[in-house]
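Here is a short briefing on one structure. Look through the sequence and the model, then read on.

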Amino acid sequence: MDLVLLSRIQFALTACYHWLFVPLTLGLGVVMSVMETIYVVRGDEAWRRIARFWQKLFGINFAVGVATGIILEFEFGTNFSNYSWFVGDIFGAPLAIEGILAFFMEATFIAIMFFGWEKVGKRTHLMATWLTAIGTMISAWWILVANSWMQHPVGMEFNPDTVRNEMMDFFTVAFQPTAVIKFVHSVCSGWMTGAMFVVAVSAWFLIKGRNQEMAKKSIMVASIVGIIGTAFCMFAGDKHGVDIAKTQPMKLAAAEGLQQGSNEAAFSFVPGIEVPHMLSFLATHDWNGYVWGINDLKVEGEKQIAEGKIALEAFRTYRENRETNDSIAQTALATFNEHKQYFGYGYLDSADELVPNVWLCYWCFRLMIGCGCIVALCFVLGIILGWKDWLEKYRWILVLFLIGLPCVYIAGQCGWIFTEVGRQPWAIQGLLPVKAAVSSVSAGSVLTTIIIFATLFTALLFAEVRIMLRAIREHNDK
């Protein structure tokens, strides 16, 4: 049993389960807020009933998502204590802000949203609903700031005396382009998830001949929110590709399985079917732009590892002599500062470690795009058929809407798997490899908690699905 592998499996398990709940919270929050806004503007009681139904499902999902999110944050301390020590001053700040600001905001206004329908005015209640939805997005912002910093560390300085990275520029950390792009892409993919959920459930109502007016209205609103989310998601995805080409070229090379760098890099839809120059354009917005290949980056990696081992040895010499021999310590410190940008590479044994799982990155990237296209098609058809009032006429399209629901979840999961697997072996890109970030705990204890968490999360997921299905089956829009 390998401690590093088990720690990664545990974190991946928790993150994948958590991301089943988060995007639905983000998307359903916006959809239900739009529906309640229509109710307040028009005064139509039908929209009030529609909004309350989707808010009920939002609440069920929100409660279960909180449980997995809390465990995820604790795992940084339990399984990756070296990571927490090394960058806790930086990484802890956005997570603390998320807990103090966003989570308390959500917890406050969600109570008004659920229990205030008969106790506060319509506009006050609408404000509470929107603030709940906005709170989920603010929460996502700070969590994605933390994750983006792991992908592209900026705004800090390493202190060799404390062996910690210290934040030097909060605003650089919080508002770097990588964080902004990731936020738009992730949150808008959440809008797609929430919208697709509403469309699929409404399609089921139409197939069963129940709650038909409610279903038609819900499909129209959700499809509009979904197509807007899709447009922003595609825009941010394009920007994200260019950003990855600059900051994480190995991830991009793995996404295409590109072995040799090229100015005419092709993009393959599947092996054997490719478009010349397309990858160059996607990565650089230049049809002849240069894209690094895996082998090229491995050659560079050997040089970086050699530099990193010099930095690591100099750092150890400095630590050993700083209190007993100032001359040796200062010489070692000067050597360390000369090579410190490659400090993290010193923990690696060969350039082969710099290559992530190419097969997984390649197919996750394509599944994400392919499933996303199916979901986008569902939204377009939802708008067209809803506008023409043809939803009941083409029942096969309602079946397509049901298929779209697992597709949107597959796209979201594959997106995050690509994001996290693609930056291996790094816990922090170029700064700290995962094998140097783990805690000094037994592999057996990690395996035990994996089994416990897998059982617990599966039970929570089963409970949520069962409760949601019951609420859907029993709903009568009267």
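Two strands pair if DSSP finds at least two bridges between them. Helices (H or I, at least four residues) and strands (E, at least two) are DSSP runs, numbered from the N terminus. The model is predicted: local features need pLDDT of at least 70, side-chain atom pairs count only at pLDDT 80 or more, and totals for chains, interfaces and linings use all residues. Residues are numbered from 1 along each chain as its sequence is written, and side-chain values use heavy atoms, with hydrogens and water left out.

**Hairpin**
- Strands E1 (residues 156–159) and E2 (residues 164–167) run antiparallel, joined by 4 bridges.
- Met156 stands opposite Met167 in E2.
- The hairpin has 4 residues between its strands, and Val163 takes a positive phi near 55 degrees.

**Helix packing**
- H1 (residues 3–42) packs on H2 (residues 45–78) at about 155 degrees, with axes 7 Å apart; axes are lines fitted to C-alpha atoms over the stretch in contact, and angles run from 0 to 180 degrees between N-to-C directions.
- H1 is therefore roughly antiparallel to H2 (angles over 145 degrees count as such).
- The contact of H1 with H2 has 21 nonpolar, 10 polar and 5 charged residues (Ala, Val, Leu, Ile, Met, Phe, Trp, Tyr, Cys and Pro count as nonpolar, Asp, Glu, Lys and Arg as charged, the others, Gly among them, as polar).

**Lining of the second largest pocket**
- H12 gives the most to this lining, with 9 residues.
- The lining divides into 22 nonpolar, 13 polar and 4 charged residues.

Conventions
Angles under 35 degrees count as roughly parallel, over 145 as roughly antiparallel, 65 to 115 as roughly perpendicular and the rest as oblique.
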